[in-house]
Each structure stands twice: as C-alpha cells, then as structure tokens.
Amino acid sequence: MTTWTWTRTWAVTRVLRDRNAGLYLGGVVVSGFGSSAMWLVSGIWVKDLTGSDGLAALCVFALWAPTLIGPALGTLADRTRRRPLLVWTNLGLAALLLPLFAVDSPGTLWILFAVLLVYGAAGVVHDAAESALVATAVDKQLLGDFNGLRMTANEGMKLLAPLAGAGLYAAYGGARVALLDAVTFALAAGLYTLLRVHEPKPPTASARAAGWRAQTAEGARYLWGHATLRPLVLAGGTTMLFSGLNGALIYAVVEGLGHSPAYVGVLYVAQGVGSVAVGLAAGPLLRRLGERRFAGYGIALTAVAVTARALPYDAVVLASAAAVGVGLPCALIAALTAVQRETPDALLGRTTATANTLLFAPTAVGLALGAGLVELVDHRVLLAVLGLVRLVTVVPLLRTQPSRASASVTSDRSSSDANPA
C-alpha cells in the first residue's frame, strides 16, 4: 500500500470512527437519497400532468429560489440551538411532503409548487445549521475529510436515487416518492437526536433585539472582510457561474457527437463518479496543499476539461465529464471548509448561508446566460472561451497566501467582537 493510499484510508477511517461525524454522514445519506429522488420526480410529475417543459423547469427554480435570500434564512441558525433546529427542520420537511398526496391534476399543482418553495427554504436553514453544528461537533482537523466524504455521499446518492425514484414514480406515482422522501427525513431526524454536542447558549433577547437585518449584514461583513475567506468564496462563485454556462451547452455537445439527448445521462454519471472519487481524497489533499491551492488546482483542471469538451470525440468528452467531476467540487469543499474553520461560532450560521448564496446562486445565472449564448455562438467557441477565462480566476488563489499572523488577527478580532468575554 502506498503512502498516499494509506493516508487517505487512515483519514476516512478516522472520520467514520468519530461518532458525531458518522451520525452526520448517516443523515446525509438517508435524507439525500429521498431528496435526490424527489427533485427529479417533481419535474417529471409536472410534465406528465401538463405537458409543459416550462412548468417542469419551474420545479428546479422553486427549489433554488430561496438560496437568493440565504443570508437572512441562515441567521436563524445563529439565533437558536442548532441540533434541535436540525431535528425539527427534518421533521417539518417530513410533514410538509404529505399534502402532495392531493396532487392529481393540473389544478392542484399549486400545492406542489408551494411545497417545493418551502422545501427549498427549509433546505437553506438546514444546510446553515448543519454546517455550523459540524464545526462544533467534529474535530476541526477532520473538517476537510468530513466535507469530502459528505460530497461523496451526496454524489453517490445522485447516482442511485434518481433511478430508484423514477422507477417508484412509474409504478406508483409521485405521491409515493413524496412518502419515501418524508420517511428519509424522519430517519435523518432520528439520527440527529443521537448527536452528542455541547452548544453555547443562543443569543439573549437583548442581543436578538438588534434586528434580523443587522445580524444578517454582520455575517456578510465578516465574510467580505476576511482575507482568507473572500478570495475562496469569490473563486467558488465564479466557478459555479461558469459551470452553469457550461451546463447549458451540454445538449449542443451531445448533438455534436451525434447522440440523442439521453446521452447526457451518461455524461452526468461520469461526472458523478469523478466527484465521488475526489470526495474520498479531499481531506489529505487539503492538508497537503491548503485550501487555496486545492481550489486553484481544481479550477484549473475544470478549465482544461471544458476546453477539451469542444473536441468531437466520445472518449475525450467522457474523460472531460469525469475531470469536471473531480475539479468542480474542489473549490466548494475548500471554501466551505475554510468558512467552518475561520468563522466564530456565533456568526457561523449566517456566514455559511451567505457563502452558500455566493457559491450556488451564480449557477442559475450561468444557466440563463448559456441558454441564450448557445443560440447565437457555436458551442465549441464558447467552450474554448470558457476554459481560458476560467483560468484567470485561478490567479488570485495561487498568489502568496496571507500569513498565519494576519489571518489569526482577523479571526481573533471578529471572534472577540462576536463573543465578548
């Protein structure tokens, strides 16, 4: 066994032996399975009832729209204890899905869209509370390994759950998929109740009286003013903007290869396999390279892969999809791990939610821009330009990193302001 393989195996084993980390990952796997199935089936359900591609696409919009107000929603995770918030959010989501049994005609689709909108908002709160609690419950030296394994678990579920969800939908309809998702949320809530974690007391009534808007802004100011976090989050958001542009070109790429649109599924599987692989290696790589170089090398890999996608060869495009799967998560894992390590506990919920908004909201913008550009410009030209421009975003990450002294000054000052002794 090589030193690298031993290090990676040791890191994974150490995370899984940590009781809290194991319970978290169990919750991610269980609820992620139901969520991945439900996200796919909701669009199919609408398409079957209405025949409208536009209405089917609105399902994805309803799920992602609450991300735009993520900083405000994430503030909730800093105003209450996070473990109970996670438990009740999962139980609430389980109950939320039950009204979908009433959806059986175009006239009742408003119920589905309302549920999806609340589902997305609850997901933002859930992610902020989970990320904040993980930083408290899991050894900080294991955060990179944990976030990598979390990525692996998520991507693994995306490979398995859509097929299971589609099969269940074909046999029994959308309501049964909603019931499956509800059961997985209930199981995840049970796992979160088993966590052993000491949480600080939530803010007092006088502290909360400062106002929701002021507290939300405090998290955004901390993120923007932090010399370590700002370039990582901006690079991650830019990367996701380009990923949206690239995603909008995928059907043109498949058409250029001479395949039917269904071939896109093969490319998604290849990308998912790449993401599963990098998730397993993320912890050791973060320790060896640091957040900036880990993110920078991942972005550079995606730039090369996207440029290669312009070549009309099946093998090259498949390899490109796998390489994007490896490179794309690097920026996300690096940014979110740094947020968990560098942010004071009292600010962690709203800062995480702000980071999530800056990281993931650009994807929707990229998809919209790409959908327009692909009608005007040859997709091969667009892919070449995207690859070259993406390399520019690597430059700030590979410059000399801030010294530990300056980084610690920023962190200590903010920590003292948020948690006066």
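Predicted model: local features only at pLDDT ≥ 70, side-chain atom pairs only at ≥ 80, totals over all residues.
Local features require pLDDT of at least 70 and side-chain atom pairs pLDDT 80 or more, whereas totals for chains, interfaces and linings use all residues. Residues are numbered from 1 along each chain as its sequence is written, and side-chain values use heavy atoms, without hydrogens and water.

Helix α2 (residues 19-50) packs against helix α9 (residues 174-193) at an angle of about 165°, and their axes lie 8 Å apart. Helices here are DSSP runs of H or I with at least four residues, numbered from the N terminus; axes are lines fitted to C-alpha atoms over the stretch in contact, and angles between N-to-C directions run from 0 to 180 degrees. The two helices are therefore roughly antiparallel, a term for angles over 145 degrees, while roughly parallel denotes angles under 35 degrees. By class, this contact of α2 with α9 comprises 18 nonpolar, 7 polar and 1 charged residues.

The whole structure contains 2 salt bridges, each defined by a side-chain nitrogen of Lys or Arg within 4 Å of a carboxyl oxygen of Asp or Glu. One of them joins glutamate 291 and arginine 341, with an N to O distance of 3.0 Å. This pair connects distant parts of the chain, 50 residues apart: glutamate 291 belongs to helix α14 (residues 264-308) and arginine 341 to helix α15 (residues 314-342).

Helix α16 also contains valine 365, which belongs to a nonpolar surface patch including Leu369, Leu373 and Val389, with about 660 Å² of accessible area for the whole patch. Such a patch joins nonpolar side chains (Val, Leu, Ile, Met, Phe, Trp, Tyr) within 5 Å, from residues with over 30% relative accessible area and no salt bridge; areas follow the Shrake-Rupley method with a 1.4 Å probe. The elements giving two or more residues to the patch are α16 (348-373) and α17 (379-392).

Definitions and conventions
Parallel < 35°, antiparallel > 145°, perpendicular 65-115°, else oblique. Nonpolar A, V, L, I, M, F, W, Y, C, P; charged D, E, K, R; others polar. Patch = residues over 30% accessible without salt bridge, like charges linked within 9 Å, V, L, I, M, F, W, Y side chains within 5 Å.
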